[in-house]
Amino acid sequence: MNKLYPDAASALDGLLRDDMLICAGGFGLCGIPERLIDAIEASGVSGLTIASNNAGIDGVGLGKLLRSRQVKKMISSYVGENKEFERQYLSGELEVEFCPQGTLAERCRAGGAGIPGFYTKTGVGTQVAEGKEVKVFDGEEYILERGIRADLSIIKGWKADEAGNLVFRKTARNFNQPMATAGRICVAEVEEVVPVGSLDPDGIHLPGIYVKRMIVGAPYDKKIEFRTVRERPAA
């Protein structure tokens with residue numbers, strides 16, 4: 001089975017529709033599936049619910065889909081660096097389900113593992129717990145969180161072999177692995193594809209069984225959210 005497609009548009013062909021739930025890997029601008037996001041924007045699908053740690057920044061990453069008004073709801077843990085996200089939320093244009101960061105990762109991992117829900121102490125006694133079932137274990141309260149099972153996962157990897165076995169690079173591993181398993185179909189973009197057998201089996205982060213389609217998205221122009229430099233010492 002050939003999993004490698006020539007570009008993002010062809011890799012997503014037949015997978016996109018209005019009102020679908022998408023899990024998107026990445027953290028800030030690190031490890032985001034840039035080419036796949038661009039293809040989703042170009043497709044014009046709307047009413048999307050996207051589960052992602054955040055929505056990029058204004059006009060970059062998932063911020064592009066906010067700008068084009070293709071997103072109906074975000075399931076996120078952090079929104080602080082995106083002014084358009086803030087504006088749409090405060091004006092009632094965008095529905096937001098805030099989810100603690102570790103809980104969001106576990107909801108996606110659980111969904112991928114076939115676990116429909118789990119109990120956690122995170123959020124007990126806060127707005128996060130509103131409307132959720134509470135259960136007592138060993139005298140402590142826990143709230144029920146539902147696993148996330150998405151229609152589609154889009155992720156970014158560093159290197160993959162032709163079978164889709166995938167390696168993430170350093171912090172770009174972040175949410176990509178649990179998001180990949182949570183989708184009924186996972187499409188990955190990577191920087192390099194190598195022959196089967198080239199990767200150390202012990203170094204594979206995501207088995208190819210989870211990856212249905214992939215593209216090579218390189219080269220990338222690394223964007224930095226906050227560039228901080230030291231002042232040049234006086235001569």
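1. An α-helix has 3.6 residues a turn, so residues three or four places apart point the same way.

2. Please keep in mind that this is a predicted model, in which local features need pLDDT of at least 70 and side-chain atom pairs count only at pLDDT 80 or more, while totals for chains, interfaces and linings use all residues. Residues are numbered from 1 along each chain as its sequence is written, and side-chain values use heavy atoms, with hydrogens and water left out.

3. Back to α5 itself: the helix covers residues 101-112, and its 12 residues reach 17 Å from first C-alpha to last, close to the 16 Å expected at 1.5 Å a residue (the expected span is 1.5 Å times one less than the number of residues). Helices (H or I, at least four residues) and strands (E, at least two) are DSSP runs, numbered from the N terminus. Just after the helix, Gly 114 has a positive phi of about 80°.

4. Now for the seven-stranded sheet, which is open, with parallel pairing and the order β4-β3-β2-β1-β8-β11-β13; strands pair if DSSP finds at least two bridges between them. Its edges are β4 (95-98) and β13 (213-216), each pairing on one side only. Neighbouring strands are turned by 20° against each other on average, direction ignored. Near one end of that order, four bridges join β3 (residues 71-76) to β4, and Met 74 stands opposite Val 96 in β4.

5. Strand β8 deserves a look of its own. Five of its five residues are buried, so β8 is largely enclosed by the rest of the structure. Leu 152, Ile 154 and Lys 156 are on one side, with Ser 153 and Ile 155 on the other.

6. On the packing: the largest nonpolar core has 27 residues, and Ile 50 and Ile 154 have the most contacts inside it. Such a core is a set of buried Ala, Val, Leu, Ile, Met, Phe, Trp, Tyr and Cys residues joined through side-chain atoms within 4.5 Å. Its largest share, four residues, comes from α2. Apart from this core lies another, of 23 residues, among them Leu 21, Ala 160, Phe 175 and Val 211.

7. Lastly, three strands form an open antiparallel sheet in the order β5-β7-β6. Strands β5 and β6 (134-137) are at the edges with a single partner each, so one side of each is left without a neighbour in the sheet. The twist averages 40° from one strand to the next. Four bridges join β6 to β7, and Lys 135 has Tyr 142 as its bridge partner.

Conventions
Axes are lines fitted to C-alpha atoms, for helices over the stretch in contact, and angles run from 0 to 180 degrees between N-to-C directions. Buried means under 20% relative accessible area, exposed over 50%, partly exposed in between (1.4 Å probe, protein chains only).
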